[in-house]
Amino acid sequence: RKVVLLIDFSGCGLSNMPPLSVAKECILMLQDHFPERLGQAFIVDAPWVLSAFFNVVSAFVDPVTIEKFQFVTETGEERSQRMAKYFDLDTLEPEFGGNATVPFNSAIFLAESPDPFGMEFSQQLQLHGEGPLAASAAPAAEVSKIQEVEQDKASTWSIFSDPRVLALPPEARAKVRSLAKRFSHTAASSDDYDGLGFFDDAGVLIRYLRTAEDNADEAERRLRATAKWRKSFGLQAWHQGGMDEASAHCRGQGLMYIEGFDLKGRPVLHVRPCAAFTAGRGHHHFVEQAIFNIEAAAAAADGLWNGCPAEPTAFRSISRLKRDGSINDGAFTVVVDFSQYRGSRQRPSIGTLREIARLFQEHYPERLHCAYFLNPPAHLLTLWSLAALIVTQDTISKVKILKGSRASLRQALEPELDEKCLDDILLRMKEAEHRPAGCASCASCCGRT
């Protein structure tokens, strides 16, 4: 991340200009103690003495740093045209060629809590209630406005300054923040909604906006529909401890579980259809188990849950950065291993699969990074060819069919999954090859859990 400096020297001359030694010290400080932090510096209406000094001091400063300084001497429309190449003119004051009429107020910037940094002053101004609407309001309305703004600040600040939001282009960033304000007065949990860790999650808002093609009204409708569904499904109870217990049961059966990561640090959801997959289980059970594991994978992708029952508290500390240092995109990878699959009786019904697909698309948008089907039988490939009727094209494009020996599968998956995760997949496939035909699960024949 880099910063941009705007320095206005209009009205500055020999009588009131800071000492040249201060200017030199500032340049050297940037170079020596904040490497690669300076994006560009725009020096507006610099007096001739400063230009002369800059030419002299440039001999002692890294050329890369020097190239980042631009002297703006144009006036009027020419200045605006030049600055428009680098800035949104609505965020710049007229002195810099912009259109912003409200002057910067350092008291607002420094008074904001908990942290003023990482948010544009224009956004702070809106939160503070000092904008044009507040300025023209009657005294009674002003008091009400301030109270509303204070409530908004408390509920939206973490979203406004979230690294994932700050990484967006300005227009997209403004849409996410606008959507966040729509939920600022909605309780996290109520009789109607389960919005805990949902309405106040920047990643959720970003994904729903993208799915709705940046239509804020549609994104809000979908978010509220999902929050109602989460309430009816009882997901909050899972997050408050049930997730770990259910995970242990699923993992012990070796049917669906979260284990390992892909090479980008995304968690991997494993699915292994076999005889035990359908034994004594109906539609409701399959839907519940599928949603539980999808929810667990999403929580793991967000850094909220690590699959370990040692810490059962809900919504653990959030890690927004993946292992490669990039910002967490909240997605996960799915691996479906058909090495134990022996026929249609070892999978849920078409109606159940359709229901799971519908719930996944409606309530977990952009959560799937990629899905790998390992050695699926021919009749399932035919079934998958009809999936376009119930699954979006974007989802279909994320599914990769891989067939072949364990060696060929290793070669295909090595660029995608980390070594430990890949070794586990291939080991279970090897075990399946030597398992008796009627064997139900790993735990029943070899004791693996």
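In which helix does Trp 157 lie? Trp 157 belongs to helix α8, which spans residues 139–160. In this predicted model, the Trp 157 side chain is part of the interior: Trp 157 has a relative accessible area of 5% and is therefore buried, since buried means under 20%. Ala 180 is 23 residues away from Trp 157 along the chain, and the C-alpha atoms of these two residues are separated by 9.5 Å.

**Overall organisation**

The protein has 449 residues, of which 43% count as buried. Its secondary structure consists of 21 helices and 8 strands. Among contacts with a separation of 6 or more, 69% are between residues 24 or more positions apart.

**Aromatic pairs and cluster**

A pair of aromatic rings is described by the distance of the centres and the angle of the planes. Across the whole structure, a search finds 8 aromatic pairs. Two of them are set out below.

| Pair | Centre to centre | Angle between planes | Arrangement |
|---|---|---|---|
| Phe 42 and Phe 87 | 5.3 Å | 65° | edge-to-face |
| Phe 183 and Phe 199 | 4.4 Å | 15° | stacked |

The pair of Phe 42 and Phe 87 links distant parts of the chain, 45 residues apart. Phe 42 is in strand β2 (residues 38–44), whereas Phe 87 is in the loop between α4 (76–83) and α5 (106–111). Both Phe 42 and Phe 87 are buried.

The pair of Phe 183 and Phe 199 spans 16 residues, and both partners are in the loop between α10 (170–182) and α11 (202–211). Are Phe 183 and Phe 199 buried or exposed? Phe 183 has a relative accessible area of 4%, which is under the 20% limit, so Phe 183 is buried. Phe 199 is at 5% relative accessibility and therefore counts as buried under that limit.

Elsewhere, one aromatic cluster is formed by Trp 229, Phe 233, Phe 332, Phe 360 and Tyr 364.

**Packing around helix α16**

How do α15 and α16 run relative to each other? The axes of helix α15 (residues 283–301) and helix α16 (residues 350–363) come within 10 Å and cross at roughly 30°. Angles under 35 degrees count as roughly parallel, and α15 and α16 are therefore roughly parallel to each other. The crossing in which α15 passes α16 is right-handed.

Sorted by class, the contact of α15 with α16 has 8 nonpolar, 3 polar and 1 charged residues.

Helix α12 (residues 216–233) also packs with α16, at an angle of about 130° and with the axes 10 Å apart. The residues of the contact of α12 with α16 divide into 3 nonpolar, 2 polar and 1 charged.

Notes:
Residues numbered from 1 in each chain as written. Predicted model: local features only at pLDDT ≥ 70, side-chain atom pairs only at ≥ 80, totals over all residues. Heavy atoms only, no water. Phe/Tyr/Trp six-rings, centres within 6.5 Å; stacked < 30°, edge-to-face > 60°. Helix = DSSP H or I, 4+ residues; strand = E, 2+ residues; numbered from the N terminus. Buried < 20%, exposed > 50% of the residue type's maximum accessible area, 1.4 Å probe, protein only. Axes fitted to C-alpha atoms, helices over the stretch in contact; angles between N-to-C directions. Parallel < 35°, antiparallel > 145°, perpendicular 65-115°, else oblique. Left-handed = near helix turned anticlockwise from the far one by under 90°. Nonpolar A, V, L, I, M, F, W, Y, C, P; charged D, E, K, R; others polar. Contact = heavy atoms within 4.5 Å.
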